[in-house]
Amino acid sequence: MKKKTNSQRTIRGRRAMLSLMLILVMTFVSAGITGCGMNASKPLSEYWSADSASAESLRNYVTKVTNKKDAENFIPVEDRIAVFDMDGTLTCETFYTYYDTMMFINYCLTDHPERVSDELKAAAAEIRPGYTAGEELARNFAKAYAGMTVQELYDYAVQFGQKNTDSFNNMRYIDGFYLPMVELVKYLYDNDFTIYVVSGTERTTTRAIVANSPISEYVSPAHVIGTEFEVKVKGNEDVPSNMDYKYADGDELVFTGGFVQKNLNANKTIWIEREIGQYPVLAFGNSGSDTSMMNYALDSRNPYPSQAYMIVADDAEREWGRQDWEEKSSAYVEQGYVPISMKNDFAKIYPDGVTISDEQFVEPEEAPAEEAEEEPLAGAA
């Protein structure tokens, strides 16, 4: 038997060391331990608090319904439908109010006052915190954008999003998406859920916001449902229907100023049924106008396990939340929803550098009477 040389022993030792290192690496990976930290591979761990009960609830749900071996709870990929409200659920609604309302104010009073009536200017100037975002105001939105093509409204919504909001420091309107909710949407998308955004904001505006947001990769324009304004082929706006007109190359689709339907409350349920055609299995909202959508997902006739989550705006330091956690969460639990606390469940809400301003809303100064006609309430927002 030949005696091993020192060189052979060295090679053998190196091989053993490499094998040991490989085993250790594989062990660390299987345990979820990486160079990014202990929780790097744990879903909903980057922007969610480590002890978040709502995040754990969702992790458990997704694990259950994506497990083919769990015959009782497994949901086929084609039926994994998740619906999200937008304002206050996915993105900030307090600068000092909804994106679409601030856009309307800016359009009427700052960007294009020459295009709208005095009545619409007055309606925009009267909006204050605590106003009602109902159908009457949505009808004014539709009137303001009359004559614009669908593409023009889309482009204006994107353009408006580049403006800085006065309610936050270092934030444009388009930057208001909650980081934990972006992480959540991606988590569901990675688990083969189809994501729908079901918003009270007009559909074209919602599409523009979503397409220029961190969730753009996960939500198709076809999966955006919103408030509907009337659209017709340009030159045929005054006829009851475009049924007798055939679209030709180069034709433009324009908003007529007509209003179809506000997508809130039970209307959300109706549009989900009409456009999706089945019960969603997950629903996310933040207000009473979302409860119909929540209840639709939780309907006892839903053939699959379902859950609904409601965000409580209770963080008054990083956000403008003034809701009482105890009151809201207990009410939501009673209705069968899982409450999410912005204060306690969101480890981080916005990117670094974004903070709330000293004041959420600054009362606009009225222009002197002699200047009012020339510059009607410019800068009111």
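The buried residues of helix H9 pack against strand E1 (81-84), strand E3 (194-202), helix H8 (203-211), strand E4 (224-233), strand E5 (253-261) and helix H10. Helices here are DSSP runs of H or I with at least four residues, strands are E runs of at least two, and both are numbered from the N terminus. This is a predicted model, where local features need pLDDT of at least 70 and side-chain atom pairs count only at pLDDT 80 or more, while totals for chains, interfaces and linings use all residues. Residues are numbered from 1 along each chain as its sequence is written, and side-chain values use heavy atoms, leaving out hydrogens and water.

So which residues of H9 are buried? They are Lys 268, Thr 269, Trp 271 and Ile 272, with buried meaning under 20% relative accessible area (1.4 Å probe, protein chains only).

Now for the helix pair. H9 (residues 266-275) and H10 (residues 291-298) pack at an angle of about 50°, their axes 6 Å apart. Axes are lines fitted to C-alpha atoms, for helices over the stretch in contact, and angles run from 0 to 180 degrees between N-to-C directions. H9 and H10 are therefore oblique to each other, oblique being whatever is left once under 35 degrees is called roughly parallel, over 145 roughly antiparallel and 65 to 115 roughly perpendicular. On the H9 side, the contact (heavy atoms within 4.5 Å) is made by Ala 266, Lys 268, Thr 269, Ile 272 and Glu 273; H10 brings Ser 292, Met 293 and Tyr 296.

Next, the sheet. Seven strands form an open sheet in the order E5-E4-E3-E1-E6-E7-E8, with mixed pairing; strands pair if DSSP finds at least two bridges between them. E5 and strand E8 (338-341) stand at the edges with a single partner strand each, so one side of each has no neighbour in the sheet. The twist averages 30° from one strand to the next. Further in, E6 (residues 282-285) and E7 (residues 307-312) pair in the parallel sense over four bridges, and Leu 282 has Gln 307 in E7 as its bridge partner. Helix H2 (residues 53-65) packs on the sheet and touches E6, E7 and E8; the direction of H2 makes about 160° with that of E7.

One last stop: His 112, in the loop between helix H3 (99-111) and helix H4 (118-125). His 112 counts as buried because its relative accessibility is 16%. Leaving aside neighbours within four places in sequence, His 112 is in contact with Asn 106, Tyr 107 and Tyr 156.

Note on methods: Buried < 20%, exposed > 50% of the residue type's maximum accessible area, 1.4 Å probe, protein only.
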